[in-house]
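Visitor: I am new to this structure and would like a short tour. Could you take me through it step by step?

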Amino acid sequence: MTLTEAPAATPAGPPPAVQPDATAASVPGWLRISLAVSLVFTVLMVFLAVYAVGLSALQEQRSQHQLYAKLRGLLSPSSEIAPPVGGVISPGTPVALISAPDAGIDRDVVVEGTSSADLLAGPGLLRDSALPGQYGQSVLIGKSVTAGSPFRRIDRLAIGDPITVTTAQGTFHFTVIDHRATSSAPPEVPAGGALLTLVSATGSGWLSALAPEHLLYVDAKLAGAPVAAPPGRPLAVPASELPGNDDPGVWPYLILWLQGLLLAAVAVVWSWTRWGRRQTWLVGTPLLVAVMWGVADTAMRLVP
């Protein structure tokens, strides 16, 4: 019986080349990078809106918890540090607690200073005004839309409504006596008395956060006699700390953050094409979120 010889095996050649995607090949690299960068900045706009009305409120709430603990420690009899009651006080220092039930304000911590950065932590005390409860006028400024919007409801305060403020000098009770707009003349401080003025930028719609239409002032009169005010309060403050103003000094920092975002976006696109999608997603997403957070936090300092 004869065996049929098997045909000789032909050597395996190289696998057939995979044809590139015609659509991807037709898109120039520079166009893909431009589209990706445009997408990143579109996401940034959405992130800014979310940060303004949501994430900034969480950040303000965290700051309030920290400030409350710090103020409670300063007011403790065992504290080795004298609580601030006047003179020159470092901006950002907690100086008082304010409650106005009819405006939804419940023991909010008031900080020294009214720059846009100070107001991200809560209501601020205008540095050239007296502390609440001292003779003269105390001016407290708070945001109405962003950063927790602590003063968003001060327009609901009616004449006769109570406002309570606690400082290192005691607890003081005020009664609302007036509402006024920017152009209205402020009331005179009564002889031997004290006034408390709450200020916030207001307007119609969510755009009032960026372009407030006017300022609302709510004046309240102290019930009882004021306490002594230590000397040394500032006689004036920069324009950036006045009601309704932002801080133009933030612009250089914002430009740097935006440049950093642009570089991060280009790096992520390059990594996507060279390194792979999964690796880029794991490394690039935290990077972009961190840079966008820095952009948003800095941009909020430009909001009155």
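Predicted model: local features only at pLDDT ≥ 70, side-chain atom pairs only at ≥ 80, totals over all residues.

Visitor: Is β4 mostly covered or mostly open?

Guide: Strand β4, residues 136-141, is mostly covered, with 5 of its 6 residues buried.

Visitor: Which strand pairs with β4 in the antiparallel sense?

Guide: That is strand β3 (residues 124-125), which pairs with β4 over 2 bridges. In this pairing Ile141 in β4 stands opposite Gly124.

Visitor: What do the strands form together, and in what order do they run?

Guide: They form a closed barrel of 8 strands, in the order β1-β2-β3-β4-β7-β8-β6-β5. The pairing in the barrel is mixed.

Visitor: How does β6 pair with β8?

Guide: Strand β6 (residues 170-181) and strand β8 (residues 214-222) are antiparallel and share 7 bridges. Val176 has Ala220 in β8 as its bridge partner, and Ala181 stands opposite Leu216 in β8.

Visitor: And what joins β5 to β6?

Guide: A hairpin does, through 2 residues. The two strands pair in the antiparallel sense over 6 bridges, and Ile163 stands opposite Phe174 in β6.

Visitor: Let us step back. How many helices and strands are in the chain?

Guide: The chain has 5 helices and 8 strands. Read from the N terminus, the elements follow the order α-α-β-β-α-β-β-β-β-β-β-α-α.

Visitor: How much of the chain is buried?

Guide: Of its 304 residues, 41% count as buried. As for contacts between residues at least 6 apart in sequence, 66% of them join residues at least 24 apart.

Visitor: Now a helix, please. What is the reach of α4?

Guide: Helix α4 (residues 251-274) has 24 residues and reaches 35 Å from its first C-alpha to its last. That is close to the 34 Å expected at 1.5 Å a residue.

Visitor: Which residues of α4 are buried?

Guide: They are Leu254, Leu261, Ala264, Ala265, Val268, Val269 and Ser271. As a general point, an α-helix has 3.6 residues a turn, so residues three or four places apart point the same way.

Visitor: Why does Glu241 count as buried?

Guide: Glu241 counts as buried because its relative accessible area is 9%, and the cut-off for buried is under 20%. Leaving aside residues up to four places away in sequence, Glu241 touches Thr114, Ser115, Leu126, Arg127 and Ile141. Ile141 is also the residue in β4 that stands opposite Gly124.

Visitor: Changing topic: which residues have a positive phi?

Guide: Two can be named here, Arg107 with a phi near 55 degrees and Ala147 with a phi of about 50 degrees. In general, most residues other than glycine have a negative phi.

Visitor: Where are Arg107 and Ala147 found?

Guide: Arg107 is in strand β2 (residues 105-112), while Ala147 is in the loop between β4 and β5. Arg107 is partly exposed, with a relative accessible area of 42%. Ala147 is buried, and its relative accessible area is 0%.

Visitor: What separates Ala147 from Leu58?

Guide: Their C-alpha atoms are separated by 7.8 Å, and the two residues are 89 residues apart along the chain. Leu58 has its place in helix α2 (residues 29-75).

Visitor: Is Leu58 buried or exposed?

Guide: Leu58 is exposed, with a relative accessible area of 53%.

Visitor: One last topic. How many cavities does the structure hold?

Guide: There are 2 cavities of 30 Å³ or more. The second largest cavity has about 30 Å³ of space.

Visitor: Which residues line the second largest cavity?

Guide: Its lining is made up of Ala103, Gly104, Pro150, Arg152 and Arg153. By kind, the lining residues divide into 2 nonpolar, 1 polar and 2 charged.

Methods: Residues numbered from 1 in each chain as written. Heavy atoms only, no water. 1 Å grid on protein atoms, 1.4 Å probe; cavity = no way out; pocket = protein on both sides within 12 Å on 5 of 7 lines; lining within 4 Å. Points joined across faces, edges and corners; volume = space filled by probe spheres on them. Nonpolar A, V, L, I, M, F, W, Y, C, P; charged D, E, K, R; others polar. Pairing = 2+ DSSP bridges. Helix = DSSP H or I, 4+ residues; strand = E, 2+ residues; numbered from the N terminus. Buried < 20%, exposed > 50% of the residue type's maximum accessible area, 1.4 Å probe, protein only. Expected span 1.5 Å × (residues − 1). Contact = heavy atoms within 4.5 Å.
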